[in-house]
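This briefing concerns the structure shown below, and it is meant to be read with the model open alongside the text.

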Amino acid sequence: MSKAKSKTVKKRAQRATSNIFAMFSQEQIQEFKETFNLLDQNHDGFIDKEDLHDMLASLGKMPTDQYLDSMMSEAPGPINFTMFLTMFGEKLNGTDPEDVIKNAFACFDDENKGFFK
């Protein structure tokens with residue numbers, strides 16, 4: 001009889017059913033990638049609870065486990081870059097394009113300062 005070898009397998013992120021990369025321009029994808037890399041503190045290709053904790057701690061925040069668990073529970077699985085983009089795509093779905101939002105705010109910026117009070 002041969003023994004069955006057990007091996008540890010890292011849980012894979014679920015695949016998005018649509019092409020999430022088609023939702024964003026190359027420039028936006030690059031910006032998301034830079035953000036993802038900043039969040040992925042241990043550089044393992046996944047954002048986990050410890051990554052979020054370390055990132056928030058670097059900003060002077062001390063998040064509770066409950067807060068971190070709540071953030072992590074928004075993802076249906078491990079957060080790799082594709083899942084990260086998918087989550088942003090879902091949050092941004094149905095929102096106006098950036099130029100429309102900027103133009104709306106510009107209506108209130110009578111002095112053209114880039115802000116209003």
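The model is a predicted one, and side-chain atom pairs count in it only at pLDDT 80 or more. Its largest nonpolar core holds 19 residues, and the structure contains four salt bridges.

**Helix 1**

- Helix 1 covers residues 26-39, and because its 14 residues should span 20 Å at 1.5 Å a residue, the 20 Å between its end C-alpha atoms agrees with expectation.
- The buried residues of this helix include Ile29, Phe32, Phe36 and Leu39, and these cover an arc of only 80° around the axis, which means that they sit on the same side of helix 1.
- In general, residues three or four places apart in an α-helix point the same way, because there are 3.6 residues a turn.
- On the face of helix 1 turned away from its buried side lie the exposed residues Gln26, Glu27 and Leu38, whereas the cover over its buried residues includes helix 2 and helix 4.

**The largest nonpolar core**

- Within this core, the residues that touch the most other members are Phe24, Phe32, Ile47, Ile79, Phe81, Phe84 and Leu85.
- Helix 1, helix 2, helix 3 and helix 4 each supply at least two residues of the core, and helix 4 gives the most, with five residues.
- Ile47, one of the core residues named above, touches Phe36, Leu39, Asp40, Leu52, Met72, Ile79 and Phe84, when residues up to four places away in sequence are not counted.

**Salt bridges**

- The side chains of Lys49 and Asp69 form a salt bridge with an N to O distance of 2.9 Å, and this pair links distant parts of the chain, since Lys49 belongs to helix 2 (residues 49-58) and Asp69 to helix 3 (residues 65-72), 20 residues apart.
- Both partners are partly exposed, Lys49 with a relative accessible area of 23% and Asp69 with one of 40%.
- Glu74 and Lys91 meet through their side chains in a salt bridge of 3.6 Å, N to O; Glu74 lies in the loop between helix 3 and helix 4 (81-92) and Lys91 in helix 4, so the pair ties together parts that are 17 residues apart in sequence.
- Glu74 and Lys91 are both exposed.
- Glu111 forms a salt bridge with Lys113, with the closest N and O atoms 3.0 Å apart, and both of these residues are exposed.
- Salt bridges that share partners join Lys49, Asp65 and Asp69 into one network.

Key:
Residues numbered from 1 in each chain as written. Predicted model: local features only at pLDDT ≥ 70, side-chain atom pairs only at ≥ 80, totals over all residues. Heavy atoms only, no water. Helix = DSSP H or I, 4+ residues; strand = E, 2+ residues; numbered from the N terminus. Buried < 20%, exposed > 50% of the residue type's maximum accessible area, 1.4 Å probe, protein only. Core = buried A, V, L, I, M, F, W, Y, C linked by side-chain atoms within 4.5 Å. Contact = heavy atoms within 4.5 Å. Expected span 1.5 Å × (residues − 1). Arc of directions from axis to C-beta.
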